[in-house]
Amino acid sequence: MMKTFARLFVVLIAALLLSAPQAVQAKELTGDLEIFSWWAGDEGPALQALIDIYKQQNPKVNVINATVTGGSGVNAKAVLKTRMLGGQPPDSFQVHSGQELIGTWVKAGRMEDLTPMFKEQGLMDVFPEGLLKLIGTEDGIWSVPVNIHRSNVMWYIPANLKKWGVAAPKTWDDFLAIAPKLKAQGVVPLALAQNWTCNHLWESVALASMGADNWDALWSGKLKFDSPEGVKAWELFGKVLAYTNSDASSLSWQQATDMVIDGRAAFNVMGDWAAGYMYTTKKMQPGKDFGWAPSPGTSGEFMFLADSFGLPKGAPHRDNALAWLALLGSRKGSDAFNPLKGSISARKDSDLSLYNGYLQSAAKDWKSDRVVGSLAHGVAANETFMGGFASVMEMFLKTRNARTAAAACQQLATKAGI
Ligand code: GAL
């Protein structure tokens with residue numbers, strides 16, 4: 001009798017042990033997953049690579065890739081706002097790490113704390129500490145960063161520069177010296193696109209003009225926007241603008257890059273999604289078909305931004321969204337996405353052998369350069385400031401008055417609580 005019991009007991013334990021892995025295995029996900037971003041068209045391939053992995057991992061989930069075209073989220077952010085305020089959030093949405101996230105949706109109490117997910121997925125130690133600070137507050141962690149982009153890069157085509165007898169300028173003075181020479185050959189010295197790309201150019205020019213310490217001091221409220229340093233930045237910006245194309249406001253950022261590729265323009269200052277565009281869409285090889293340099297006067301400085309995705313409260317398919325966020329944070333997801341996107345991984349352990357020459361050089365600079373936050377892409381200031389800054393820019397493009405623009409920025413800073 002005892003023996004039979006003992007045998008039964010052993011069989012039972014064995015059965016339990018065998019079934020244990022199944023018991024802890026997550027249930028198969030079904031239903032929809034709506035991801036919201038501005039990575040449409042040419043900006044789409046990297047996102048698609050992530051979606052493909054997600055589909056392999058969760059074949060029963062129907063992924064809705066909801067995109068609203070428009071570089072830097074100019075249109076998407078407005079649509080997102082309507083949906084969030086109307087109680088119809090997507091399951092997960094793109095948002096820049098930093099003030100764009102914290103000063104807006106976190107402040108409004110609309111996001112879920114991802115700390116439990118970070119712990120469960122082992123993400124607490126994989127991102128640089130500075131980045132964790134940008135996605136977290138005392139109350140939690142609010143998004144998963146997918147990349148590190150560099151804002152202060154100048155792009156060109158080496159063969160064209162050779163033909164025109166110029167080199168990539170190291171300072172804005174250099175640029176202003178060679179610009180007339182380019183113009184005389186019928187070449188636009190600096191390609192520019194719609195309004196937000198002016199903000200983008202402004203931040204590189206301002207960084208060069210005032211230096212990294214002053215740039216940081218602007219955002220901590222220690223340096224006034226209408227200080228002599230602030231005014232000087234706008235003055236230099238005005239001089240640079242004189243050498244840009246007159247149809248800028250009707251062009252997308254890709255069309256400005258195209259001007260450089262086609263030899264209609266010599267240079268373009270744009271984030272390194274331009275490297276993604278040239279490499280992934282245009283099949284150009286970095287170093288050979290296109291060249292790059294830190295934007296003039298910013299050598300040794302890395303103006304960064306990070307795209308991230310969060311989980312809004314009330315997401316209709318919460319479990320599916322959590323699986324999506326786990327993929328974004330993973331090494332596999334990150335190293336599938338970034339080589340196509342033109343960005344480096346936000347993780348400290350990415351496999352650099354998967355990245356092209358441009359990205360390897362960016363990864364090196366990210367480690368050794370002085371790192372500062374981008375204004376145009378959500379790190380430095382909240383949306384109140386950014387919305388107002390776009391209007392200041394419009395005004396400056398019409399009037400070219402540096403003093404008025406600097407004063408308007410200071411008023412904005414006060415309003416935005418800087
Ligand atoms: C940035 C974004 C990049 C890229 C770019 C152009 O704001 O962080 O990933 O999409 O806009 O649209």
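# Close-up views of the contact between two domains

**View 1. Domain 1 and domain 2 bury about 2,400 Å² between them, 60% of it on carbon and sulfur atoms.** Buried area is the accessible area (1.4 Å probe) that two parts lose on being put together, summed over both. Asp42, His149 and Tyr358 supply 28% of the area that domain 1 buries against domain 2, more than any other three residues. The model is predicted: local features need pLDDT of at least 70, and side-chain atom pairs count only at pLDDT 80 or more, whereas totals for chains, interfaces and linings use all residues. Residues are numbered from 1 along each chain as its sequence is written, and side-chain values use heavy atoms, with hydrogens and water left out.

**View 2. The protein chain is assigned two domains, domain 1 (27-149 + 306-365) and domain 2 (150-304 + 374-416).** These bounds come from an automatic or database domain assignment. Taken over C-alpha atoms, the centres of domain 1 and domain 2 are 26 Å apart. Domain 1 puts 29 residues into the contact and domain 2 puts in 28 residues, where contact means heavy atoms within 4.5 Å.

**View 3. Between domain 1 and domain 2 there are 11 residue pairs in polar contact, both residues at pLDDT 80 or more.** A polar contact is a pair of N or O atoms within 3.5 Å; within protein, one must be able to donate a hydrogen and the other to accept it, and residues adjacent in sequence count only if both atoms are side-chain atoms. On the side of domain 1 that touches domain 2, at least two residues come from each of α4 (99-106), α6 (129-135), α15 (331-341) and α16 (357-368). Helix α16 gives the most, with five residues. Helices (H or I, at least four residues) and strands (E, at least two) are DSSP runs, numbered from the N terminus.

**View 4. Asp365 and Arg150 join their side chains in a salt bridge at 2.9 Å, N to O.** A salt bridge is a side-chain nitrogen of Lys or Arg within 4 Å of a carboxyl oxygen of Asp or Glu. Two salt bridges are counted between domain 1 and domain 2, and the whole structure holds 15 salt bridges. Asp365 lies in helix α16 and Arg150 in strand β7, 215 residues apart.

**View 5. An open sheet of three strands runs in the order β7-β12-β14, with mixed pairing.** Two strands pair if DSSP finds at least two bridges between them. At the edges are β7 (149-150) and β14 (370-373), each pairing on one side only. Strand β7 is antiparallel to β12 (residues 301-305) over two bridges, and Arg150 stands opposite Phe304 in β12.

**View 6. Five strands make an open sheet of mixed pairing in the order β2-β1-β3-β13-β6.** The edge strands β2 (61-67) and β6 (144-145) each have a single partner strand, so one side of each is left without a neighbour in the sheet. Strand β1 (residues 31-37) pairs with β2 in the parallel sense over seven bridges. The bridge partner of Leu33 in β2 is Val63.
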